[in-house]
Amino acid sequence: MLNVIREQTDPVPQPHNKALLPYDVVALVLQGGGALGAYQAGVYEGLHEAGIRPNWLAGISIGALNAAIIAGSPETERVARLREFWETICAFSIEWPAGEGLANALPFAFDISSVRNALAAAKALVHGQSGFFKPRFPSPLWSPFSGDAATSFYDTAPLHQTLERLVDFDRLNSGEVRVSVGAVNVRTGNLTYFDTAERRLGPKHFMASGALPPGFPAVEIEGEHYWDGGVVSNTPLSRVLSGEPRDTLTFQIDLWSARGRVPYDLMEVSSRQKDIQYSSRTRAVTDQALRIQKMRQALQRTLEKLPASAKSDPELRAIADLARHRSYNIVHLIYQSKVHEGHSRDYEFGLSAMRAHWQSGLEDIRRTLADPRRLDPPAPEVGIVTHDIHRPE
């Protein structure tokens, strides 16, 4: 039976030490979602202050970029590097000069946040984002050239430079932390994972994971071209759970919510479509994991019926190892959209929006860790548990 726990508590962080966590793997699973990815950075800051150090990072799109910064930085500098990355790509020269004070001075109720976010989105579309992407001139709609110039609206060369500056790729590939990032092979349509357990990763692998068409160009790696992994699957949870069976604690940080109200206008239709398209299919993945757990239990019962002489067979010993009990605990956090955020929230790269997203992630993980029981392994007869925790509005 899969336990889904929905609960709310006061945001009082409790310290946890990785050495005390009874798991072989502590994974951080990061979904794609553009500007909303600052929420993941806030969650990581909360994990870091609680002494939790993930040893496997799996990401798609902006989640892959956050993973690169974390794994490619000294442990004591990870939060600072994340903040530098987000301050860089969210630099916005059209901020309100009076900040929040302007809203307070207005003689009528006015939500300045929605206007500020709309300006940030418009700026990103027209001018690009510092250290991230810049618009192509001429537009690909009128380009006389072929290749990237004709197939994407933005040039991501600034992102390559940002990754080279902020990420130590020797450290990232050292094996200290495993990193897996998903991208789609444009030719075959298959989702591919670039994994430090299998190859050395560089800037292009992370850029490929975030190459969302038609905004960004496909990234060529070893003769193949890749797009954003979110085109096929926006959440790499299956990568973590389908690996070698080991006791695993997973922090899954989603940026899109599958649940939402029925749209009442075309703008809400666009927003709701994104939610559904890019939200995770966590229940499908955990249901599959639960079926595998039941199969292991059935194998254990079968093996117990064999005579002692048969159990010494090498193949049966291998089966017995695969059938051994594994614990899977998934702590699932989902970003909750604000009232003033619309269909453009994934490319509202303003500093104010970024800082609000970051703070939401930090508060959510502190609230989550306030109850240390959420990190406990499930009972052997269950095998897998999901804590589905939503921040109160």
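**Figure 1. The surroundings of Asp-24 in a predicted model.** Leaving aside neighbours within four places in sequence, Asp-24 is in contact (heavy atoms within 4.5 Å) with Asn-55, Arg-246 and Asp-247. Asn-55 lies 31 residues away in sequence, with a C-alpha to C-alpha distance of 9.1 Å from Asp-24. You will find Asp-24 in the loop between β1 (3-5) and β2 (25-30); strands (E, at least two residues) and helices (H or I, at least four) are DSSP runs, numbered from the N terminus. Asp-24 counts as partly exposed because its relative accessibility is 44%; buried means under 20% relative accessible area, exposed over 50%, and partly exposed in between (1.4 Å probe, protein chains only). Because this is a predicted model, local features need pLDDT of at least 70 and side-chain atom pairs count only at pLDDT 80 or more, while totals for chains, interfaces and linings use all residues. Residues are numbered from 1 along each chain as its sequence is written, and side-chain values use heavy atoms, with hydrogens and water left out.

**Figure 2. Helix α3 beside helix α7.** Here the axes of α3 (residues 78-89) and α7 (residues 157-166) come within 11 Å and cross at roughly 160 degrees. Axes are lines fitted to C-alpha atoms, for helices over the stretch in contact, and angles run from 0 to 180 degrees between N-to-C directions. The two helices, α3 and α7, are therefore roughly antiparallel, a label for angles over 145 degrees. On the α3 side, the contact is made by Arg-81, Glu-84, Phe-85 and Thr-88, and on the α7 side by Leu-159, Thr-162, Arg-165 and Leu-166. Sorted by class, the contact of α3 with α7 has three nonpolar, two polar and three charged residues. Ala, Val, Leu, Ile, Met, Phe, Trp, Tyr, Cys and Pro count as nonpolar, Asp, Glu, Lys and Arg as charged, and the others, Gly among them, as polar.

**Figure 3. Helix α3 beside helix α14.** Helix α3 also meets α14 (residues 351-369): their axes come within 10 Å and cross at roughly 150 degrees. This pair, α3 and α14, is therefore roughly antiparallel as well. From α3, the contact draws on Val-79, Leu-82, Arg-83, Trp-86 and Glu-87, and from α14 on Leu-351, Met-354, Arg-355 and Trp-358. Six residues of the contact of α3 with α14 are nonpolar, none is polar and three are charged.

**Figure 4. Two cis peptide bonds.** Most peptide bonds are trans, so these two spots deserve a look. Phe-137 and Pro-138 are joined by a cis peptide bond with omega of about 0 degrees. Pro-138 sits in the loop between β4 (134-135) and α6 (148-151). The bond from Pro-213 to Pro-214 is also cis, with omega near -5 degrees. Pro-214 belongs to the loop between α9 (203-209) and β8 (219-221).

Figure 5. Most residues other than glycine have a negative phi. Ser-61, not a glycine, has a positive phi of about 60 degrees, and its place is in the loop between β3 (56-60) and α2 (62-71). With a relative accessible area of 12%, Ser-61 is buried. Glu-222 has a positive phi too, near 50 degrees, and is found in the loop between β8 and β9 (224-228). Glu-222 counts as exposed, at 70% relative accessibility.

Note on methods:
Parallel < 35°, antiparallel > 145°, perpendicular 65-115°, else oblique.
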